[in-house]
Amino acid sequence: MKIKATIEKIPAGLMLVPLLIGSLVRTLFPEVFESEAFTHSFTGGLLTGTTALLGGFYLCLGATIRFNSTGYVLKKGGALWLGKIGTTFAIALLIKTVFPDQNNLFLGLSALAIVAAFSDTNGAIYMALMGQLGKKKEDIAAYSIMSLESGPFFTMMILGIAGLASFPISAFIYTLLPLLVGMILGNLDEEMREFLSKGEHLFIPMLGLAIGAGINLTNVMKAGLSGVVLGIAVVVITGAALFMLDRVTGGDGVAGLAASNTAGNAAAVPLSLAAVNPAFSEVAASATLQVSAAVIVTALLSPALTVWYAKRIEKKKVQDIPNVGA
């Protein structure tokens with residue numbers, strides 16, 4: 001049976017399919033989660049141990065981030081990373097200024113969902129597109145800088161600086177620590193990098209299952225609609241900003257468009273922040289669904305837009321070549 005291959009045909013399927021299974025269990029059998037026998041079992045730990053799973057995930061993810069990025073890679077990756085974080089921060093400030101209730105802006109969207117979806121790039125899509133379109137290795141390697149977006153740290157920082165939430169300094173430290181430890185281990189020992197990087201993919205479906213187990217699907221239609229809107233906004237707004245930054249740093253705009261998406265692991269951020277700040281507890285479940293929907297939407301729109309523009313550039317280059325036979 002080609003179970004894994006079938007799941008991977010779905011954008012972000014390794015996260016979203018287990019998430020759907022977990023949410024179905026929670027919706028159909030909510031009383032199970034109240035059982036003491038379930039709570040103290042291995043099954044209960046797997047379905048409710050989101051915080052522990054996230055800690056392991058970020059440790060493994062950190063091991064894949066390299067310190068030694070120089071020259072063009074630093075310029076390109078740094079520009080796209082700053083563009084993504086800067087755009088998200090500007091949106092967060094706008095939300096703080098315009099909307100009195102940051103937990104219910106419009107269509108049920110919250111500041112938490114918007115910042116989580118806007119601030120994290122889907123590295124798999126970015127690198128696959130850049131490789132498929134024949135871009136140079138330095139463009140692909142630029143994601144080594146952009147991968148700093150991964151995890152809840154910058155979401156926390158943006159929300160905090162914009163005045164949308166408050167977190168103690170210790171929360172930033174403890175949130176960043178697993179990622180930092182993973183980065184140190186991965187950069188000190190190549191074998192540790194290879195070993196821990198495998199765990200990143202293993203944790204994704206388990207995280208999806210645990211996250212889904214905290215979601216009741218009664219509001220899924222509403223969250224799905226708002227998630228579609230959120231995904232379109234990510235592609236349009238970050239696409240425009242990153243396209244211009246890519247052109248400014250010597251690119252043709254393709255890399256900027258290839259980064260106009262939301263990472264699958266961004267779906268784990270709302271619950272991560274709810275564990276740190278209880279004020280997000282009420283919106284964490286709907287925010288998770290909204291970000292998950294945005295992941296799917298951007299996984300479809302961003303590649304289509306990038307490939308269309310890349311072909312347009314190539315066609316223009318061919319048309320600009322002088323006709324030697326004339």
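Which backbone oxygen does the side chain of Thr-238 reach? The answer is that of Val-234, at 2.3 Å. This is a predicted model, and that distance is computed from its coordinates.

Thr-238 sits in helix H14, which covers residues 220–248. Its relative accessibility is 0%, so Thr-238 counts as buried, the cut-off being under 20%. Neighbours within four places in sequence set aside, Thr-238 is in contact with Lys-84, Thr-87, Phe-118, Ala-233, Phe-243 and Ser-260.

Now step back to the whole chain. There are 17 helices and zero strands. The chain has 326 residues, and 50% of them count as buried. Take the contacts between residues at least 6 apart in sequence: 81% of these join residues at least 24 apart. The accessible surface comes to about 15,700 Å². Carbon and sulfur atoms hold 69% of that surface.

The largest nonpolar core has 76 residues. Ile-114, Tyr-126, Leu-159, Leu-230 and Val-291 have the most contacts inside this core. Helix H17, residues 281–320, gives the most to the core, with 12 residues.

Start with Ile-114. Beyond its neighbours within four places in sequence, Ile-114 is in contact with Ile-91, Ile-95, Leu-105, Leu-109 and Leu-230. Ile-114 is one of the buried residues of helix H7. That helix runs over residues 111–118 and is mostly covered, with eight of its eight residues buried. Phe-118, a contact of Thr-238, is another of the buried residues of H7.

Then turn to helix H17, where Pro-303 is found. Is Pro-303 buried or exposed? Pro-303 counts as buried because its relative accessibility is 17%, and the cut-off is under 20%. With neighbours within four places in sequence left aside, Pro-303 is in contact with Ile-125, Leu-129 and Thr-298. Pro-303 and Leu-257 are 46 residues apart along the chain. Their C-alpha atoms are separated by 8.1 Å.

Finally, the surface. Ten names make up one nonpolar patch there: Phe-67, Ile-169, Ile-173, Tyr-174, Leu-177, Leu-180, Val-181, Ile-184, Leu-185 and Leu-188. Together they have about 990 Å² of accessible area. Phe-67 lies in the loop between helix H5 (50–62) and helix H6 (71–98).

Technical notes: Residues numbered from 1 in each chain as written. Predicted model: local features only at pLDDT ≥ 70, side-chain atom pairs only at ≥ 80, totals over all residues. Heavy atoms only, no water. Core = buried A, V, L, I, M, F, W, Y, C linked by side-chain atoms within 4.5 Å. Buried < 20%, exposed > 50% of the residue type's maximum accessible area, 1.4 Å probe, protein only. Helix = DSSP H or I, 4+ residues; strand = E, 2+ residues; numbered from the N terminus. Contact = heavy atoms within 4.5 Å. Patch = residues over 30% accessible without salt bridge, like charges linked within 9 Å, V, L, I, M, F, W, Y side chains within 5 Å. Areas by Shrake-Rupley, 256 points an atom, 1.4 Å probe, with all protein chains shown as cover. Salt bridge = Lys/Arg side-chain N within 4 Å of Asp/Glu carboxyl O. Polar contact = N/O pair within 3.5 Å; in protein donor to acceptor, adjacent residues only side chain to side chain.
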